[in-house]
Amino acid sequence: MSTPSLAERRAAVPHTSMFLRMLVRAAVMRRGRAASALLAMIVAAAVATAMMNLYVDVQAKLRKEFRSYGANIVVVGKDGTSLPADALQQMETALGGRGIAVPFAYVVARATNGQSVVVVGADFDRVQKLNRWWSVSAWPTGEGEALVGMRALPVVSPDGKPFDLSFQGHTIHLKPSGTLQTGAAEDSRVYLPMPEFLAWSGIQTTTIEIAANGSAEEINGIVGRLSEALPVADVRPVRQIVEGEARVLGKTRATLYAAAILIILTAALCVLATLTGWVFDRRKDFAIMKALGASESLISGFFAAEAASLGAVGAALGFIIGIGIAAWIGRANFNAPVVPRFSVFPVVLAGSVAVALLSAIVPMSLLRRVQPAIILKGE
Amino acid sequence: MFARLLYESFRRQKRRKLLAGVAITLGVAVATAMIAVATDIGDKINRELRSYGANLLVTPQEDTIDVEIGGVNLKPPSDGNFLSEADLPKIKGTFWRHNILGFSPMLPVNVTVGSSGRAQDATLVGTYFAKHLVFGKDEFTTGVRNTHPWWKVDGVWPADDSSEVLLGEHLSQKLQLRTGDTLSINGQSIHIAGVLSTGGAEDGQIVAPLPVAQRLLGKPDAVRRVYVSALTKPEDALARRDPKTMSGELWDRWYCSPYVQSIAYQLQEAIPHSHAEQIRQVAQNEGTVLSRIKGLMLLITLAALFASALAVSAAMATAIFERRREVGLMKALGAGNLAVAALFFAESTLLALMSGVTGFFAGSWLAHRIGRSIFDSQITIEPVLFPVIMAIAVVVTFAGSAAAIRRAVKFDPVFALRGDA
């Protein structure tokens, strides 16, 4: 291009763009150094984003895992009475979709050989969701089928043949569909589908087991709401489950917190080291600007703007990558992606810009004390 | 000459070396702490998961079925078989005795409580609270305070050789009795040491020292079932196989792994005429929770390693980039690329080793602090971690320097000396 046309073009460009131009040219001309500084920024922002996202999301993910321990709230009729017929509906309304409620009804029946055995009416679809640790050989599917506990089997049906159970003069003929093994009280029981159980024994739901999602305080809140909704019932949290969960979750969170702080600190230090080197490297630009008559505040503004834009661009790119990392960790470890939390972005942005500014301020205050001539001489 | 160059480089550029050294130290410290925490977190969380209570249940081999609803026993108590209390300390003689954190025997007895006018039936359970036992040279304390950590007592825990009892919360409301009152059990007056709250069936029962229950039942030495709390390894394909179908070597591996199944098997061996079964609600779920938390920490440790590697590389690159003039001078004096690179690599290695040692100890201290403040226990640092960490430090420092050294070496000495970098 010819000189006059360049001069013409330059004259046409407003002077305010000089500042911007210097910013952009500085990045373009020293691509290598600018890129390495930006890379450090991006990595730091990505790691910080991923850690913050995980820290917030992991609790929800782990809570879901803990729900596989089963019910954390039990509802029973006061003084061993049955619950009202609409108890389950009331519980579900009060829960508002924040958990699963499973009805059970218990009676003691007599087997053909005269031995007593506990028979339970249950909703098998819900039980399968609630008690995933149950080891069942085959769930009952058709009418007249029952799930027989491992230890109850020799009593009611030693050779696996159909058997009779009687309760208050009513007899029911059942066929074992499969066996149930839990290692606890369930092994000594016989489970029937609720409608058949009701038709046979006439006993309504006596117990509702609820697996509710939430922290220990939220569970206590839910217990309060449930007992308000159903005053005739005794609602209590299963302390074994609630406290165990709170304990393990608390420790995991604390470890995660410590790890997040360490990692974010390392990343910030990395950025600090790289950016300080970058700014220090450009002491010649600084000296030339000063020699050409730029004011202190203009130069400070220039370097601050440079650092801030580097921080902002790094934070934006790093945030996207960080969300990706968090999602990958979620998928790899929990088989469910971590939901991106955009509320983390302002924090990451502010942190990145602050670290970038901090790394510009340190070399700047050093350079300010030095005469431009000395720097230009190369000493 | 080479050694002298190296020595002088460290002597004269103390500030610069210190800066790079601090970066490496920090990076290594974070890496050490994270690796130490991640390798130990499985064990720590496993112990925390024991707050869910026992994961194994030992019952008599020829056991009759339980007839109980909501913790109320509806079967005559003298029915069925019993285990012998004298056999219990043998639990601590099994192969995985160090994994067994505690056990509690239980002996339920149906009793009548209250004075003759307002008498009612209740279940009294005899157990250990914090019983001191001796097996061989081992001395240990075990009981429900250990295996059932969610049990809370308003009052005091009774001594295991006393004849004081704990009264379940609901039963105490029903009987209108409090801590310090006396309760009539089968006509005997017994002092209530405290009110027990468990959120489970025990809230409607009486919990007493084991000898009290044995005396009420008239069967000294009898125990109905034993809850065992053991540290186990999450179930894998081998654990799910039927041990009866295993060949010799495989069986040995199964036997010597702390699976809940193999511990159950060993408990059956230790206690005559017993049947041990995993409590699936507790045993099956801790594996998933544990593997999730371990996996999470592993991935986070990778992120930490990555971040610290980057910090070290960045510091090294900056340190070398600033020394282009030196490179130019050396090259102008006739040094070959190899000689220059060798000097820089030697410097990096030395720096990595020195800072690596400092970083390792700083990281160990950090891991100890984390263990102490979060888990109230030491995080053990395997000695094998030291060479691993040192190797990582050297490799990362090398890798971080490599690109910068290559660029520095490639630079034309004329430009470097003129300062046109």
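This is a predicted model: local features need pLDDT of at least 70, side-chain atom pairs count only at pLDDT 80 or more; totals for chains, interfaces and linings use all residues.
Residues are numbered from 1 along each chain as its sequence is written, and chains are lettered from A in the order in which they are written.

View 1. Chain A is assigned a domain 1 made of residues 17–64 and 248–377 and a domain 2 made of residues 72–237, where the bounds come from an automatic or database domain assignment. The centres of these two domains of chain A, taken over C-alpha atoms, are 57 Å apart. In chain B, domain 1 takes in residues 2–46 and 289–418, and domain 2 takes in residues 55–278; the corresponding separation of centres in chain B, again over C-alpha atoms, is 54 Å.

**View 2. The side of chain A that touches chain B.** Contacts link 56 residues of chain A with 56 residues of chain B, two residues being in contact if their C-beta atoms, placed from the backbone, lie within 7 Å. Among the elements of chain A that each supply at least two residues to this side are helix 3 (31–66), strand 2 (99–111) and helix 11 (296–334); helices (H or I, at least four residues) and strands (E, at least two) are DSSP runs, numbered from the N terminus. Helix 9 of chain A gives the largest share, 21 residues. By class, this side of chain A has 33 nonpolar, 16 polar and seven charged residues, with Ala, Val, Leu, Ile, Met, Phe, Trp, Tyr, Cys and Pro counted as nonpolar, Asp, Glu, Lys and Arg as charged, and the others, Gly among them, as polar.

**View 3. Helix 2 and helix 9 of chain B.** The axes of helix 2 (residues 14–49) and helix 9 of chain B come within 9 Å and cross at roughly 175°, the axes being lines fitted to C-alpha atoms over the stretch in contact, with angles that run from 0 to 180 degrees between N-to-C directions. The two helices of chain B are therefore roughly antiparallel, a term that applies to angles over 145 degrees. Their contact has 27 nonpolar, five polar and three charged residues.

**View 4. Surroundings of Leu88(B).** Leu88(B) lies in the loop between strand 4 (83–84) and strand 5 (100–113) of chain B. Leu88(B) counts as buried because it has 24 C-beta neighbours inside 10 Å; a residue is buried with 20 or more other C-beta atoms within 10 Å of its own, exposed with 12 or fewer, and partly exposed in between, the C-beta atoms being placed from the backbone. Leaving aside neighbours within four places in sequence, Leu88(B) is in contact with Phe103(B), Pro105(B) and Val226(B).

**View 5. Two aspartates with positive phi.** Asp221(B), in the loop between helix 5 (210–217) and strand 14 (222–223) of chain B, has a phi near 80°, a positive value in a residue other than glycine. Asp221(B) is partly exposed, because 13 other C-beta atoms lie within 10 Å. Asp376(B), which also is not a glycine, has a positive phi of about 55° and is found in the loop between helix 11 (337–375) and helix 12 (385–410) of chain B. With 9 C-beta neighbours inside 10 Å, Asp376(B) counts as exposed.

Notes: Angles under 35 degrees count as roughly parallel, over 145 as roughly antiparallel, 65 to 115 as roughly perpendicular and the rest as oblique.
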